[in-house]
Amino acid sequence: MQNQVIPYFQPIFSLDNQMIWGYEVLGRIQNSDGTYSSLGSFFSDISIDETLRKRVDERVRKMAFIQFREYHEDCHLFINVDPNWIGDGANNVSLESLLDSQVAPEKIILEINESDFEGNVEGLSRSLAPFRELGCKIAVDDVGKGFSGLDRVACLKPDFIKVDLHLIQKSTQSRSYRSVLSALSILSQKLGAALIYEGIEEPDQFANAWRNGGQFYQGYLLAKPQANFTTREHCQTLLQQQIDHLVKQEFTFWDHHFHYEWKLNQRMEDCIARIVPLPDLDEYTQQFIQRVDESVFRLYLCDPSGNQHSSNYIKNSDGLWSKKVEYKGMNWSFRPYFMHNILKMNSYSQGILSEPYKDREFDLMIQTFSCPVHHNMFLFLDIPASSAR
């Protein structure tokens, strides 16, 4: 069997220059008809003798190193490593085996899946330390699958976080898909790790990766695994076309966003000038109901510390308004960017329209327009996100 395996290489593209930055090594075995099949199921099948799996893994890795040494482009090599096989035992991935490869360590990225590790994650981190000192980088694979193990990922302090879009789509509901990507983007920023999105097969997946901080891209949309390396400029035109298309979409979105924000500010400026600042803040808030934009379905008043001083006023599907007194006295300062927006409104003396977000109470994508009014208060107006288009 070992004589029938070879490495395949799938390009990983960097978006900053739209060129190939590295290759992931993937094991393949030759079939009787001369075609090649993936060795993924072979390596994950624990019923197969571990020594055999290690030997096949070692052969694929050594062959990949030989080919990479002859490739004269400035690229990196991602080596899939079973975290349980890192060490000095027979056929394990060791410092000596990497040094013997004659590949510069700074060109090697060890790609591991922490969920496959059977021991303590702190122990895995210690096992990886000598490889880091040698110059190798660490990538953690399949982050976000089932949205588990993020504390373990953080413990490993990876240089790269790999997110398989196909796996996340299968393991999450469609509504939460983009929320998971957004959370993973924030995680990568906090850890100082570069995001690699893999499993990109459709333009929509590329777009989601781009909108969620992806620096590196991998998938059939760009290039399939192949037996040989290619020029770094491979697929550069397609990447540039994808970026240009997305940039135009974003410009259109923000142009509409800021225009709608301007319209709301103009309307509120007229409202505030016509409204009497009554001492009863519920009565004061009610004066805005007939003057605000017809798309508004909820409004309330807060002070600069996030304390709500009015009831919630909510419009139903028939256009009738109701009063929810139970919200009076709530505090919303914990919401992301609340204090940031308060200071921004004070600085510019105008309202701010938020980006779209999911409202749990109404199970609806909404935007919130907030603006300074009388009494050192801020009026918050909730609007369906579709209204800003």
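Author: Two strands pair if DSSP finds at least two bridges between them. Helices (H or I, at least four residues) and strands (E, at least two) are DSSP runs, numbered from the N terminus. This is a predicted model, in which local features need pLDDT of at least 70 and side-chain atom pairs count only at pLDDT 80 or more, while totals for chains, interfaces and linings use all residues. Residues are numbered from 1 along each chain as its sequence is written, and side-chain values use heavy atoms, with hydrogens and water left out.

Reader: In which sense do strand 6 and strand 7 pair?

Author: They pair in the parallel sense: two bridges connect strand 6 (residues 137-140) with strand 7. V140 is opposite I161 of strand 7.

Reader: And how many bridges join strand 7 to strand 8?

Author: Five bridges join them, and the two strands run parallel, strand 8 covering residues 194-198. I161 stands opposite L195 in strand 8.

Reader: How many residues of strand 7 are buried?

Author: Strand 7 (residues 160-164) has five of its five residues buried, where buried means under 20% relative accessible area, exposed means over 50% and partly exposed lies in between (1.4 Å probe, protein chains only). In a regular strand the side chains alternate between the two faces of the sheet. Here F160, K162 and D164 point one way, I161 and V163 point the other way, and all are buried.

Reader: K162 has a charged end; over which ring does the charged end of K162 sit?

Author: The charged end of K162 sits over the ring of F78, 5.7 Å from its centre. The criterion is that NZ of Lys or CZ of Arg is within 6 Å of the ring centre and within 35 degrees of the ring normal.

Reader: Where does F78 lie?

Author: F78 lies in strand 4 and counts as buried because its relative accessibility is 0%. The C-alpha atoms of F78 and Q10 are 9.6 Å apart, although the two residues are 68 residues apart in sequence.

Reader: Q10 takes us to strand 1. Which residues of strand 1 are on one side and which on the other?

Author: V5, P7, F9, P11 and F13 are on one side, I6, Y8, Q10, I12 and S14 on the other, and all are buried. That is ten of the ten residues of strand 1, residues 5-14.

Reader: How many bridges pair strand 1 and strand 2?

Author: Ten bridges pair them, in the antiparallel sense. Y8 has L26 as its bridge partner in strand 2. The hairpin of these two strands has four residues between the strands, and there Q18 takes a positive phi near 55°. Strand 1 also runs antiparallel to strand 9 (residues 216-217), joined by two bridges, and S14 has F216 as its bridge partner there.

Reader: Turning to aromatics, how many aromatic pairs does the structure hold?

Author: The structure holds 21 aromatic pairs. Rings of Phe, Tyr and Trp (its six-membered ring) pair if their centres lie within 6.5 Å; planes under 30 degrees apart count as stacked, over 60 as edge-to-face and the rest as tilted. The ring centres of Y23 and Y71 are 5.7 Å apart and the planes are at 85°, so this pair is edge-to-face. Y23 is in strand 2 and Y71 in the loop between helix 2 and strand 4, so the pair links distant parts of the chain, 48 residues apart. Both Y23 and Y71 are buried.

Reader: What about W332 and F334: how far apart are their ring centres?

Author: Their centres are 6.1 Å apart with planes at 50°, so the pair is tilted. W332 is buried at a relative accessible area of 13%, whereas F334 counts as exposed at 63%. R335 lies over the face of W332, 4.2 Å from the ring centre.

Reader: Which residues do ring pairs link into a cluster?

Author: Ring pairs link F9, Y23, F68, Y71 and F229 into a cluster.

Reader: Finally, how many residues line the second largest pocket?

Author: The lining has 42 residues, with E24, L26, G40, N80 and D141 nearest the centre of the pocket. These residues divide into 15 nonpolar, twelve polar and 15 charged. Ala, Val, Leu, Ile, Met, Phe, Trp, Tyr, Cys and Pro count as nonpolar, Asp, Glu, Lys and Arg as charged, and the others, Gly among them, as polar. On a 1 Å grid over the protein atoms alone, a pocket is an open set of points where a 1.4 Å probe fits, with protein on both sides within 12 Å along at least five of seven lines, and lining residues have an atom within 4 Å of a point.
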